[in-house]
Amino acid sequence: LSLLVGLPKIWVATPPGFYPVVRTSLLDRIQAWSSARRARTETAAGHHLAAVTLWGNALANNPASITLLREAIANVIQCEPLDRRLATHALNSTYWLLRLTQTNRQDVTLAAQVYGRCGLPGDVYELLRPRQDALVPAEEGPYLKALFHAGELDDFRRRWDQLGSRTAA
């Protein structure tokens, strides 16, 4: 009876109308929960590199979990050093997260942090430019840096003067 209930991938994990449809089994969800629990313990202890593998295991079992994706991405951008492999992992996860959430406001902020951490000011600029009049404080710094790197010095100067020392810090 456990096999009949736990093994078939019958739970749709993706939002309605999303393609490709990702299905999970009860066993997948339990394994994802267990790996995420251990990853949270490692992350809380400051062992971000050790937690990357555990977050990867959790996402392998439930790749459409928005909560797991957000936590895994937040962990990766805390890693020191952020090598090429980890940066690629963070970027791919961010693109997938933005697809799943249809560019949710919270996820745009996280994506801007990832792009900034990975040294992609052009992507930060393109992501935040349409929202430049309604940026939250966590987006102001990355956007300001992106303006500078994009060569938009007039916009940079105007925004710098508006924000003052609050964002400079």
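Accessible areas come from the Shrake-Rupley method with a 1.4 Å probe, and for residues only the protein chains shown count as cover.

This is a predicted model, in which local features need pLDDT of at least 70 and side-chain atom pairs count only at pLDDT 80 or more, while totals for chains, interfaces and linings use all residues. Residues are numbered from 1 along each chain as its sequence is written, and side-chain values use heavy atoms, with hydrogens and water left out.

**Figure 1. The whole chain and its confidence.** The secondary structure comes to ten helices and two strands, in the order α-β-β-α-α-α-α-α-α-α-α-α along the sequence. Helices (H or I, at least four residues) and strands (E, at least two) are DSSP runs, numbered from the N terminus. A box of roughly 65 × 35 × 25 Å, taken along the principal axes, is filled by the C-alpha atoms. Of the 169 residues, 40% are buried; buried means under 20% relative accessible area, exposed over 50%, and partly exposed in between (1.4 Å probe, protein chains only). Among the contacts with a separation of 6 or more, 44% are between residues 24 or more positions apart, where contact means heavy atoms within 4.5 Å. The average pLDDT (the predictor's confidence in each residue, from 0 to 100) is 89, and 93% of the residues score at least 70. Confidence is lowest in helix 1 (residues 2-6), with a mean of 56, and highest in helix 4 (residues 66-76), with 96. Where pLDDT is low, the predicted coordinates should not be read in detail.

**Figure 2. A nonpolar patch on the surface.** The patch is formed by Ile10, Trp11, Leu26 and Ile30, which together have about 350 Å² of accessible area. Patches are made of residues with over 30% relative accessible area and no salt bridge; like charges are joined within 9 Å, and nonpolar side chains (Val, Leu, Ile, Met, Phe, Trp, Tyr) within 5 Å. Trp11 belongs to strand 1 (residues 11-12). With 33% relative accessibility, Trp11 is partly exposed.

Figure 3. Thr94 sits in helix 5 (residues 84-101) and is buried, at a relative accessible area of 2%. Apart from neighbours within four places in sequence, Thr94 is in contact with Ile73, Ala111, Val114 and Tyr115. Its side chain also reaches the backbone oxygen of Ala90, at 2.7 Å.

Figure 4. Eight salt bridges are found in the whole structure; a salt bridge is a side-chain nitrogen of Lys or Arg within 4 Å of a carboxyl oxygen of Asp or Glu. One of them joins the side chains of Arg70 and Asp107, at 2.6 Å from N to O. Arg70 lies in helix 4 and Asp107 in helix 6 (residues 105-117), so this pair ties together parts that are 37 residues apart in sequence. Arg70 and Asp107 are both buried.

Figure 5. In one, the closest N and O atoms of Arg157 and Asp154 are 3.4 Å apart. These two residues are three apart in helix 9 (residues 153-163), which means that about one helical turn separates Arg157 and Asp154. Arg157 is partly exposed, with 48% relative accessible area, whereas Asp154 is exposed, at 60%. In the other, Arg158 pairs with Asp155, and their closest N and O atoms are 3.6 Å apart. Arg158 and Asp155 are also three residues apart in helix 9, so they too are separated by about one helical turn. Arg158 is partly exposed at 40% relative accessibility, and Asp155 is partly exposed at 26%.

Figure 6. The C-alpha atoms of Gly151 and Leu26 are separated by 51 Å, and the two residues are 125 apart along the chain. Leu26 is one of the residues of the nonpolar patch.

Conventions: Polar contact = N/O pair within 3.5 Å; in protein donor to acceptor, adjacent residues only side chain to side chain.
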